[in-house]
Amino acid sequence: MKIQAAVTHAQGKEFSIEEVTLSAPKAGEVRIKVVATGVCHTDAVARDLGISPYPIVLGHEGAGIVEEVGENVSSVAVGDHVVMSFAHCGQCENCLTGHPTVCSRFNELNFGGCMEDHSCRIHQGDTDVHTFFGQSSFGAQVIAHERNVVKVDKDVDLALLGPLGCGIQTGAGTVLNRLRPEFGTSIAVYGCGAVGLSAIMAAKIAGCQQIYAIDVHDSRLELARELGATHALNGRQVDVVKEIREASGGGVHYAVETTGVPPVVRQSMHALRPLGVVAIVGVTPEMSIDVHNDLMAEGKSMIGVIEGDSVPRVFIPKLVEYYKAGQFPFDKLVRFYDFDQINQAFEDSANGTAVKPILRLS
């Protein structure tokens with residue numbers, strides 16, 4: 001079938017909305033009408049740094065309605081509302097033990113440009129157009145494996161839910177699934193984009209007594225306060241490590257680092273108290289950091305967390321329930337754009353004027 005999709009033809013090129021051909025779903029796959037899709041930093045990285053082959057339709061935070069199912073699909077049916085998340089094989093040791101975010105085929109299935117059978121479902125004439133995260137949600141329709149798909153309640157605005165598939169589940173899951181802070185402990189969150197603000201909301205749900213928000217945009221710090229942060233620090237105006245150590249009585253128990261900026265990564269480690277743990281979720285370039293004193297003398301830990309260590313089919317419905325109960329108001333993070341405003345949405349996200357852009361496709 002013919003559909004409209006935002007195609008990236010070469011490294012660093014702007015998105016171009018064009019007509020492409022979408023193949024029918026194969027066994028285990030579903031065709032989904034995309035209602036809306038989040039705009040994520042990972043899409044910008046893929047566009048600009050060439051981590052996946054071109055041409056490609058990016059997008060990996062899609063939400064939509066199932067319109068067709070292939071053979072042997074059992075978890076969803078035509079008419080279901082779904083959120084799409086990352087691809088995983090479902091067969092390796094990590095998948096089978098509840099950690100699909102570190103699937104042995106994660107990079108291949110999400111960044112390799114093809115579906116699990118090594119073929120493409122999107123074409124432009126005789127040219128294969130590559131897939132991203134097993135979904136390519138920057139298109140009016142997508143083909144995804146049923147493992148990518150999470151059924152969600154129909155009584156929640158479907159247009160809101162796409163970012164639960166990546167950015168929001170990353171922030172919330174890092175706190176609730178991996179760090180699991182004890183009631184009354186302290187946590188610092190570095191970077192108040194969608195990932196960081198989701199971590200702050202999760203820390204409030206977990207019962208953290210002190211929640212430090214660190215950013216360089218005052219508007220985001222104000223929103224962090226509204227969502228549960230007890231302290232808001234502008235990294236351009238104060239000595240973050242000094243402020244946290246003084247206010248927390250020696251450092252925080254936990255931290256989430258979302259920026260990937262080397263000096264901020266260092267701050268996140270140095271502002272921990274002895275035995276503290278920092279989770280790194282931002283893409284960080286190669287860097288050297290003096291960790292001997294922190295790791296050996298003070299027993300601190302630095303861990304990497306992908307996609308919030310989530311099992312999407314279990315965790316995303318929990319986030320929806322928290323939202324319905326008024327405990328996880330992630331709708332305050334989003335700004336909607338029409339699909340043809342995709343390049344503007346990316347620009348606004350990069351300059352800090354939009355926390356989580358969502359593109360409406362239907």
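**Where the two domains meet**

Tutor: Between domain 1 and domain 2 the count is one salt bridge, a term that stands for a side-chain nitrogen of Lys or Arg within 4 Å of a carboxyl oxygen of Asp or Glu. That salt bridge is formed by the side chains of Lys332 and Glu226, with 3.0 Å from N to O. Please keep in mind that this is a predicted model, in which local features need pLDDT of at least 70 and side-chain atom pairs count only at pLDDT 80 or more, while totals for chains, interfaces and linings use all residues. Residues are numbered from 1 along each chain as its sequence is written, and side-chain values use heavy atoms, with hydrogens and water left out.

The domain assignment gives domain 1 as 2-165 + 329-360 and domain 2 as 170-306, bounds of this kind being taken from an automatic or database domain assignment. The C-alpha centres of the two domains are 29 Å apart, and 13 residues of domain 1 are in contact with 11 residues of domain 2, where contact means heavy atoms within 4.5 Å. About 960 Å² is buried between them, 69% of it given by carbon and sulfur atoms; buried area here is the accessible area, taken with a 1.4 Å probe, that two parts lose on being put together, summed over both. On the domain 1 side, Lys332, Leu333 and Val355 lose the most area to domain 2, together 48% of what that side buries. Across the interface there are also three residue pairs in polar contact, both residues being at pLDDT 80 or more. A polar contact is a pair of N or O atoms within 3.5 Å; within protein, one must be able to donate a hydrogen and the other to accept it, and residues adjacent in sequence count only if both atoms are side-chain atoms.

Strand β17 covers residues 334-338 and runs parallel to β18, joined to it by five bridges; helices (H or I, at least four residues) and strands (E, at least two) are DSSP runs, numbered from the N terminus. Within this pairing, Asp338 has Arg360 of β18 as its bridge partner. Strand β18 (residues 356-360) also pairs with β3 (residues 29-38), in the antiparallel sense and over three bridges, two strands being said to pair if DSSP finds at least two bridges between them. There Thr37 stands opposite Leu359 of β18. Four of the five residues of β18 are buried, where buried means under 20% relative accessible area, exposed over 50%, and partly exposed in between (1.4 Å probe, protein chains only).

One joins Arg31 to Glu67, whose closest N and O atoms are 2.9 Å apart. Arg31 lies in β3 and Glu67 in strand β5 (residues 62-69), so this pair ties together parts that are 36 residues apart in sequence. Arg31 counts as buried at 12% relative accessibility, whereas Glu67, with a relative accessible area of 34%, is partly exposed.

Another salt bridge joins Lys324 and Asp153, again with the closest N and O atoms 2.9 Å apart. This pair links distant parts of the chain, since Lys324 is in helix α10 (residues 312-324) and Asp153 in the loop between β10 (149-151) and α4 (167-179), 171 residues apart. Lys324 counts as partly exposed at 39%, and Asp153 is partly exposed as well, with a relative accessible area of 30%. Elsewhere, salt bridges that share partners join Lys26, Glu29, Asp117 and Arg121 into one network.

Leaving aside neighbours within four places in sequence, the residues in contact with Arg121 include Thr21, Leu22, Met115 and Ile143.
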